[in-house]
Number of protein chains: 2
Amino acid sequence: MKKILVLGAGKSATSLIHYLLERAEQEDWQVTVGDRDIELARHKVEGFDRGHAIRFDVEEEERKEQLIRDHDIIVSLLPAFLHPKVSKACLKIGRHIITPSYVSKEDVSMNEDFEKAGLLFMGEMGLDPGIDHMSTLQIVHDIENRGGNITAIRSFTGGLIAPESDNNPWNYKFTWSPINVVLAGQGTAQYLKDNKRKYVPYNRLFSLYETYNIADYGAFEVYANRDSIIYLDKYELNNIPTFIRGTMRRQGYCDAWNAFVKLGWTDNGFPIVGADQLTYNDLLEAFLPKTENGKSLRENLADFLDIDTSHETMSKLAWLGLFDNVKIPLKNASPAEILKDLLEPKWKLEPQDKDMIVMLHIIDYELNGETHRYKANLIVKGQDAENTAMAHTVGWPLGIMVKLLSQGKIKSRGVKIPIMPEVYEPVLKELEDFGVLFTHEDSVLVG
Amino acid sequence: MKKILVLGAGKSATSLIHYLLERAEQEDWQVTVGDRDIELARHKVEGFDRGHAIRFDVEEEERKEQLIRDHDIIVSLLPAFLHPKVSKACLKIGRHIITPSYVSKEDVSMNEDFEKAGLLFMGEMGLDPGIDHMSTLQIVHDIENRGGNITAIRSFTGGLIAPESDNNPWNYKFTWSPINVVLAGQGTAQYLKDNKRKYVPYNRLFSLYETYNIADYGAFEVYANRDSIIYLDKYELNNIPTFIRGTMRRQGYCDAWNAFVKLGWTDNGFPIVGADQLTYNDLLEAFLPKTENGKSLRENLADFLDIDTSHETMSKLAWLGLFDNVKIPLKNASPAEILKDLLEPKWKLEPQDKDMIVMLHIIDYELNGETHRYKANLIVKGQDAENTAMAHTVGWPLGIMVKLLSQGKIKSRGVKIPIMPEVYEPVLKELEDFGVLFTHEDSVLVG
């Protein structure tokens, strides 16, 4: 018997917990789900004999260590900044740990210790990061095995809304932490293009998007996602002239979102004191550098954005209520918090809404004197607002990884991300059973 | 006898220490100067019988408290984030404290405790903040006493270079922490205009400057300085429709500096890995969104900035070496650190250089049915790179404040900034003896 401990029972945990509990009998697992809110944990294991709910607080040192000691494999779904408190305990006590979060520099510094202890810390084991790594490396390794020379890797992912549930002008709804969507992209994005580094500061990120088409689904915009360059090392690849990871949105989103960046409404660093005495109108005017009298607020905003009032960005903003004479319901909130609060009800997933994951890899390579372009794309739709494609594609890879580790099929040790065949082959194969299926296309570029 | 303790013996401490030591005999003071670098402290008190140098480390709790207990008045010139460690000890032990640093929310929260203990915490007692507060309030209170109704306060300060030492196209040299100059303005500036709040995010701060002339000195650009709105409360003023505090630069500076903001070169949040393998050329190209082949880097940058290659911004940038094929001397440094390193030798004050403080207040008021505009400006020049106007105008107000407190002439208690007549009247009066002298002009606006 193997004992699995899942830490965190929030929205993103459901698919993982169900994956584990549905196989608990067959795999002879006991599955413990811990959360600060024990009711939440109880709800998630309900109806499964082998599921156990406990109250878990990462700050209770002794209890945390006892729990880890009592289990064989730990999956941490805690917020990223709390991970070190779990991973360090796993190292001390001697347990494998799996997480969908980004592997930080601090995590990497424990690589040798995990290796020496014969333990695996598998990070970035969800969707993005996660399935993106696995599917990219599967293609890349296959091309290399065929003798190809990779010249460009472009890898894009978006958590979007399925066309059948898409009924707003932004073509977007929240399937992920709303405040993180509002703050997305702050800092400087980095990637490689034609052997040269490119840096994109936040103030230009949403104006530098590129547009890509996916058959049957139309046009998507892509903006650069954080630091792509570090992944060349992490992928154990060198000398790839073009390498970029990006985030996908529906056409028109980036221009419209850029209005908020230009205005300064995504700043989370200071409070608008007494915001509840202002309307959205007032706040907009307060952020506009010039407001010409005799012009409407809408016209002044269009002037500021250097677009016509009939531009689709203007209708997107109007649909959000930006020009409404309605009081802001928050007292001392940052612009980013006010924006999140405005967006939340408008971009809310309705109970029957289906979300949609889109992933697109475009990989160029040379083989036998020809230049090939390899395209792979993935579309995954959710069932409803509870069982989202987002939760599935984060939870299933974690669950499959638990199974592989539990079955002793993974030899990798140390602090890793899923780039090795022994991981991505079985994980991607099993994901296909769930309908997580890429469409592949390889063509020779002429010219 | 009164014992004065000055904490921090850096560049900005010289004028203060000399002010105190030159009056120590007459006022019957003993002056102790503490710094982590005792040699620095020794150098500053050299030749003065009543000056004593000690090694001081704010982290050594017991020694710190003993020192504070052994003195009557404490002046803290430590970096702002270390202040609380001194102010809290002053409160505990029962000593007055004076500092040129901004008064934080944390400081304000100790107001009642300082009041109850019969102690004064006088913050923002330097130049800007400091002399700006005092000179503004002196004018404002005078107008109010004459029955005037203030409708606008605009208060601007710049630490610049005197015309006779001005030999670079930026018309700027460092008289203040270089990295703080590079990072200046990050966040969102706030002010009041015609009874409406205005917010200016960093990405627009340097394009929204206004230009003002000062007789004999020509044109200056002003950009909004941090949060002006909180000063309405701090000044104990209400219902002033227009209120803005700003930073002054020479004409042409803001447009040129904005090139760095647009490029993303003022980001201090991530390292350019292996920057030493790049030239400034390379780095510039890496930050440019598009570089058209067949065009020079200079032309591509001009396109990006939407200016002609003959624009003065381009010559300013070229003068810094931005287009030079020279390797960056730093290994893993942030863009902001690389920029600071590039600027430091170019904007260095030469030994005989004179710096120049410029301050300008423009205050509108109504009196007897007329609208007046009151202008006050201040020009203070330094002697040389050691005895700068910057160091003088920060150090002298602190020194005068020590004297007033020591003589029992200040009744204010609590956490304050210098807005009360009992402080600004004697301080501004004595500053005049040092040549810190405002030019005043009051005119009736027609129309």
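Among the residues of chain B, B:N203 comes closest to the rotation axis, with its C-alpha at 3.3 Å. The model is predicted: local features need pLDDT of at least 70, side-chain atom pairs count only at pLDDT 80 or more, and totals for chains, interfaces and linings use all residues. Residues are numbered from 1 along each chain as its sequence is written, chains are lettered from A and ligands numbered from 1 in the order in which they are written, and side-chain values use heavy atoms, with hydrogens and water left out.

Two copies of a chain are related by a rotation about an axis and a shift along it. Here, chain B is superposed on chain A by a rotation of 180 degrees with 0.0 Å of shift along the axis, at an RMSD of 0.0 Å. The two copies are thus related as by a two-fold rotation axis. The superposition is by least squares on the C-alpha atoms of residues with pLDDT of at least 70 in both copies. Of the interface residues of chain B, 100% are also interface residues in chain A, so the copies meet through the same surface. Contact means heavy atoms within 4.5 Å.

Chain A is divided into domain 1 (2–127 + 390–429) and domain 2 (271–333). These bounds come from an automatic or database domain assignment. The centres of the two domains, taken over C-alpha atoms, are separated by 45 Å.

In chain A, 7 strands form an open sheet with parallel pairing, in the order β3-β2-β1-β4-β5-β6-β15. β3 (51–55) and β15 (414–416) of chain A stand at the edges with a single partner strand each, so one side of each is left without a neighbour in the sheet. Neighbouring strands are turned by 20 degrees against each other on average, direction ignored. Strands (E, at least two residues) and helices (H or I, at least four) are DSSP runs, numbered from the N terminus. Two strands pair if DSSP finds at least two bridges between them.

Strand β1 (residues 2–7) of chain A pairs with strand β2 (residues 29–35) of chain A over 6 parallel bridges. In β2(A), A:G34 is the bridge partner of A:L7. β1(A) is also joined to strand β4 (residues 73–76) of chain A, by 4 bridges in the parallel sense. There, A:L5 has A:I74 as its bridge partner. Strands β5 (residues 96–98) and β6 (residues 120–122) of chain A pair in parallel over 2 bridges. A:I97 stands opposite A:F121 in β6(A).

Chain B holds an open sheet of 7 strands, again parallel, in the order β3-β2-β1-β4-β5-β6-β15. Its edge strands, β3 (51–55) and β15 (414–416) of chain B, pair on one side only. The twist averages 20 degrees from one strand to the next. Strand β6 (residues 120–122) of chain B runs parallel to β15(B), joined by 3 bridges. B:M122 stands opposite B:K416 in β15(B). Helix α4 (residues 61–69) of chain B packs on the sheet, touching β1 (2–7), β3 and β4 (73–76) of chain B. The direction of α4 makes about 165 degrees with that of β3(B). Axes are lines fitted to C-alpha atoms, for helices over the stretch in contact, and angles run from 0 to 180 degrees between N-to-C directions.

Two helices of chain B also meet. The axes of α1 (residues 14–22) and α17 (residues 389–406) of chain B come within 7 Å and cross at roughly 35 degrees. Residues in contact include B:L16 and B:Y19 in α1(B), and B:W396 and B:I400 in α17(B).
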